[in-house]
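Please read the points below with the sequence and the 3D view open side by side.

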Amino acid sequence: MLADFTTTVFEKQPLHLSGKDEFIVRGGRDLFARLPLAFEGIRQIGVIGWSSQGPAQAQNLRDSLAGTGITVKVGLRANSASIPAAEKAGFRRADGTLGEMYDVIAESDLVLLLIADAAQAEQYQEIFAALRPGSTLGLSHGFLLGYLKSIGVAFPENVNVIAVCPKGMGPSVRRLYEQGADVNGAGINSSFAVEQDVTGRATEYALGWSVALGSPFSFQTTMESEYKSDIFGERGILLGAVHGIVECLYRWFMRHGDAPDLAFINSVECVTGPISKMISRYGMLAVYESLDDAGKELFKRTYTAAYHPAYDILWEIYDEVASGNEIRSVVMANRRFERYPMGKIDGTEMWQVGEGVRARRGSYATPIHPVTAGVYVATMMAQVDLLKVKGHPYSEIVNESIIEAVDSLNPYMHYKGVAYMIDNCSTTARLGARKWAPRFDYILTQQALTALDRESAADEALFARFLENDVHEALAECGKLRPPVDISIVEL
């Protein structure tokens, strides 16, 4: 159970999800006037790093805090290749908004540590040493906590430790914030957590940070729950699973007579296009209900053939994350990169076909194929059910396993391709997707699709549990809080 949180700056509102009450804080530009109260005692916010989240968060915070007297300063290594990009975004040494990483850490009241996960693990001792007593360390991912737990180390006792974790990539965080200039409340939802509060202000700092990023609503979690669900989710339906699903379905459609272009449309385009849009607007049940009678029966047989194989791999992933094995594997892989950096995956025939298919959009229709829908929804539902068993709060489950997929990641995949996404996300996510996608591909090919080809009967009891699952109600409630506009896709 989550401990209740208290705020005197923002309004806490109940969110009733499947018989349980959670509390959220709604965001919006009309609340920016309250940010100086939320950040009482904060004179400088240091944003450390310029990878996925760094540019978005630094710019959003700067824009939201304009005129408040609070400085947002970017901290980078002295020889960082990202310095020109930061300068282009308006952060410069001359005006005191750009500096060396450890100098910025030492002089900032709130330090947002947004460097790569593996770099955090390698440099945590120097980072902790640079923090001033009474300052606040902010994370947008619980990876560092997971790593510290795995080696028996704790955060410094004299600093606040908080997390604000946007449920989308950095480019999404920035783009929807920009759209929010015209539509109040446009942004990416965030979770927040307070791991350590030594000043009594940690919750207000976390909520102020989230509101300043443009989050339409902020929901509570713990840092441990966040890193488990987040690292697990990247390897699951957000990246690894969807990669494995479309790979195996592309080959399956080809074996059943589709030309390459049509196989790509029925697999990849179907998932990232109409299926994602349907779930985003109306939920998972709507995907099934949109089909005709024959399609409904094929969806049912596919869903029940795919659910247990997907759950099997997802359970293994969760155990690997919770045990610390997955975190250690990321750190070890990072140490191998100097000799063997990650290569790209977009050179195979399937992804080359995809480039041509995307170029011809508008000349073809992409209906929802029952087989693709059955496999994708079954895997998503298996992930939801597993997180419920593991005790994660519903708001976290719905946001990190459904909304983040269909409203943030899949639109970028639709724009540039699944392979492009796998090649351009965070190092932790790229490693996880590469490691686990083949496992989903293999088990779905060997078990789910063979059962479908044998025309095995549907498991009626399993499908009834899908139709009656309380996550549909929870998703509908959380869906009311989705951004009021669709993300306008721009280059990553």
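Predicted model: local features only at pLDDT ≥ 70, side-chain atom pairs only at ≥ 80, totals over all residues.

1. On aromatic rings, the count comes to 21 aromatic pairs. One of them joins Phe 32 and Tyr 177, whose ring centres are 6.4 Å apart and whose planes stand at 15° to each other, so that the pair is stacked, planes under 30 degrees apart being the condition for that word. Phe 32 belongs to the loop between β2 (20-26) and α1 (35-38), whereas Tyr 177 belongs to helix α7 (residues 170-179), and the pair therefore ties together parts that are 145 residues apart in sequence. As for accessibility, Phe 32 is buried with a relative accessible area of 13%, and Tyr 177 is buried as well, with a value of 4%.

2. A further pair is made by Phe 299 and Phe 463, and here the centres are 6.1 Å apart while the planes meet at 75°, so the pair is edge-to-face. Because Phe 299 lies in helix α13 (residues 293-322) and Phe 463 in helix α20 (residues 460-468), this pair ties together parts that are 164 residues apart in sequence. Phe 299 is buried, with a relative accessible area of 0%, and Phe 463 is buried at 2%. Both residues also belong to a cluster linked by ring pairs, which consists of Tyr 288, Phe 299, Tyr 303, Tyr 307, Tyr 311, Trp 315, Phe 463 and Phe 466.

3. Elsewhere, the charged end of Lys 12 sits over the ring of Phe 5, at 5.1 Å from its centre.

4. How do α9 and α13 cross? Their axes come within 9 Å, at an angle of roughly 135°, and the two helices are therefore oblique to each other, in a crossing that is right-handed. On the α9 side the residues that meet α13 are Tyr 227, Lys 228, Ile 231, Phe 232 and Arg 235, and their counterparts in α13 are Leu 314, Ile 317, Tyr 318, Val 321 and Ala 322.

5. Arg 235, which is placed in helix α9, deserves a separate look. This residue is buried, with a relative accessible area of 0%, and, leaving aside neighbours within four places in sequence, its contacts include Ile 317, Glu 326, Thr 428, Trp 436 and Phe 440. Arg 235 and Asp 63, by comparison, are 172 residues apart in sequence and 33 Å apart in space, C-alpha to C-alpha.

6. For helix α16 (residues 370-389) and helix α17 (residues 394-416), the axes come within 8 Å and cross at roughly 150°, which makes α16 roughly antiparallel to α17. The crossing is right-handed, and the residues that meet include Tyr 376, Met 380 and Leu 387 in α16 and Tyr 394, Ile 397 and Ala 405 in α17.

7. Finally, please look at Glu 455, which has a positive phi of about 60° although it is not a glycine. Glu 455 lies in the loop between α19 (427-453) and α20, and at 62% relative accessibility it counts as exposed.

Note on methods. Residues numbered from 1 in each chain as written. Heavy atoms only, no water. Phe/Tyr/Trp six-rings, centres within 6.5 Å; stacked < 30°, edge-to-face > 60°. Helix = DSSP H or I, 4+ residues; strand = E, 2+ residues; numbered from the N terminus. Buried < 20%, exposed > 50% of the residue type's maximum accessible area, 1.4 Å probe, protein only. Lys NZ or Arg CZ within 6 Å of the ring centre and 35° of its normal. Axes fitted to C-alpha atoms, helices over the stretch in contact; angles between N-to-C directions. Parallel < 35°, antiparallel > 145°, perpendicular 65-115°, else oblique. Left-handed = near helix turned anticlockwise from the far one by under 90°. Contact = heavy atoms within 4.5 Å.
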